[in-house]
There are 2 protein chains.
Amino acid sequence: MSSTTTTFRPGGRSARVRADVHRAAQELLAEQPAEGLTLPAVAGRAGVHPTTLYRRWGSVAELLNDVATSRFSGDIVVPDTGSLREDLERWVTDVTTDLADPDTLALMRAAIGAGPDGGCTCVTDRHAQLAAMLGRERARGGVALDVERVADALLGPLYYRAIFTTTPPEPGWAHELVHALLGRTA
Amino acid sequence: MSSTTTTFRPGGRSARVRADVHRAAQELLAEQPAEGLTLPAVAGRAGVHPTTLYRRWGSVAELLNDVATSRFSGDIVVPDTGSLREDLERWVTDVTTDLADPDTLALMRAAIGAGPDGGCTCVTDRHAQLAAMLGRERARGGVALDVERVADALLGPLYYRAIFTTTPPEPGWAHELVHALLGRTA
DNA sequence: TCCTTAAAGCAGCGATCAGTGCGTTAGGAC
DNA sequence: GTCCTAACGCACTGATCGCTGCTTTAAGGA
């Protein structure tokens, strides 16, 4: 008891179990409705004992938050072309492609249904990416845009269609959205 | 067996049970995470036998779809001021108010998590209302706007903020969104 | 290499859920 | 008022979930 420093073990078996569990959860969500996603079910698919899940995550909601966080972090490379308009168009295209995957949507829906902050974990990294691009534009002396406002104009329609409608995104939609935001100039 | 016409009984006890179950489901969603929403739990709160729920709805997902459909239908009066801009601004304000209720959000999240078409049932009536307003504008010789496009610009930001962020809507946001859509002219 | 101790596995326990067969109640047509 | 039957209530049964002591394994520092 030299101090209260508890040493964590992020590597080796723990990491392997974590990866297996994450993969198993996403596989199950892709196959069946989120209703049947229980900790024993995920454990069985992952080849891990259910006790491990109860001890590490505690509940389906926390597990889903963890899965969503790692799934939606670092999955998209932030473009840096030197032009905000170009950056945004490429980025919106990438996000649109990401949202076109049914399995991704299933995970997102489950995370939203799991709790009030489930949706936030899905877009936290998106907002960070947006802030990076807008910050660079501001640094190079361009227009100063608010992250919230740009998120409203770009992510709003994208995620709204993905979750609330069955309307597929049309080609050229990214260009159209960015155009509506930045206008003809810029 | 004169014919295969099965007579339904929408009134009396059935309707009472249905209303009680709907109310119970929304109450439970307002109190606890959707994870704990089971058919026996709803039945207990509603003062109804669980068997009834298993027979009439079959699963939590179907029950949630039913609840969401009736909850988000006919709850907002479509304005008819003679001006599209005025109609849209009032309507967006009403929708924003509706989305500010935590209990409403809890139901919406649960419906989304229940299945792929859970989100659609929450906004089907909204699109119908939008179509009505745009149809009137077109009939009186005004601008002809596409429902999908207007939904992108108005409902997109609204529902995105409600589900994916914790950013509260600012005052005057309705005016701002409609302005961004219709421009300075009208 | 050895040692400490996170972290995973094992066995087993209430509690509750999903589902079924059958009797009972009451809506609605006649 | 009478009758039919849709819809609800009751009693009951596996199956499984959530959880907890205890043991075993292996990560990571000395």
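How are helix 5 of chain B and helix 9 of chain B oriented to each other? I took up this question first, in a model that is predicted.

**Conventions.** I number residues from 1 along each chain as its sequence is written, and I letter chains from A and number ligands from 1 in the order in which they are written. For this predicted model I require pLDDT of at least 70 for local features and 80 or more for side-chain atom pairs, while totals for chains, interfaces and linings use all residues.

**Helices 5 and 9, chain B.** I find helix 5 (residues 84-99) and helix 9 (residues 173-182) of chain B packed at an angle of about 135 degrees, with axes 9 Å apart. Helices here are DSSP runs of H or I with at least four residues, strands are runs of E with at least two, and both are numbered from the N terminus. Axes are lines fitted to C-alpha atoms, for helices over the stretch in contact, and angles run from 0 to 180 degrees between N-to-C directions. Helix 5 of chain B and helix 9 of chain B are therefore oblique to each other (under 35 degrees is roughly parallel, over 145 roughly antiparallel, 65 to 115 roughly perpendicular, and the rest oblique). On the helix 5 side of chain B I list B:Arg85, B:Leu88 and B:Glu89 among the residues in contact, and on the helix 9 side B:Trp173, B:Ala174 and B:His175 are included. Contact requires C-beta atoms, placed from the backbone, within 7 Å. By class, this contact has seven nonpolar, three polar and two charged residues (Ala, Val, Leu, Ile, Met, Phe, Trp, Tyr, Cys and Pro are nonpolar; Asp, Glu, Lys and Arg charged; the others, Gly among them, polar).

**Helices 4 and 7, chain B.** The axes of helix 4 (residues 60-71) and helix 7 (residues 118-139) of chain B come within 8 Å and cross at roughly 15 degrees. That makes helix 4 of chain B roughly parallel to helix 7 of chain B. I note a right-handed crossing for helix 4 and helix 7 of chain B as well. B:Leu64, B:Asn65, B:Ala68 and B:Thr69 of helix 4 meet B:Gly118, B:Thr121 and B:Cys122 of helix 7 in chain B.

**Chain interface.** Chain A and chain B each bring 28 residues to their contact. Helix 8 of chain A gives the most to its side, with nine residues. The side of chain A that touches chain B has 16 nonpolar, eight polar and four charged residues. The copies meet through the same surface, because 100% of the interface residues of chain A are also interface residues in chain B.

**Chain A and confidence.** I find nine helices and zero strands in chain A. Chain A averages a pLDDT of 92, and 92% of its residues score at least 70 (pLDDT is the predictor's confidence in each residue, from 0 to 100). Over residues 1-5 of chain A, pLDDT stays under 50.

Terms used. Contact = placed C-beta atoms within 7 Å. Left-handed = near helix turned anticlockwise from the far one by under 90°.
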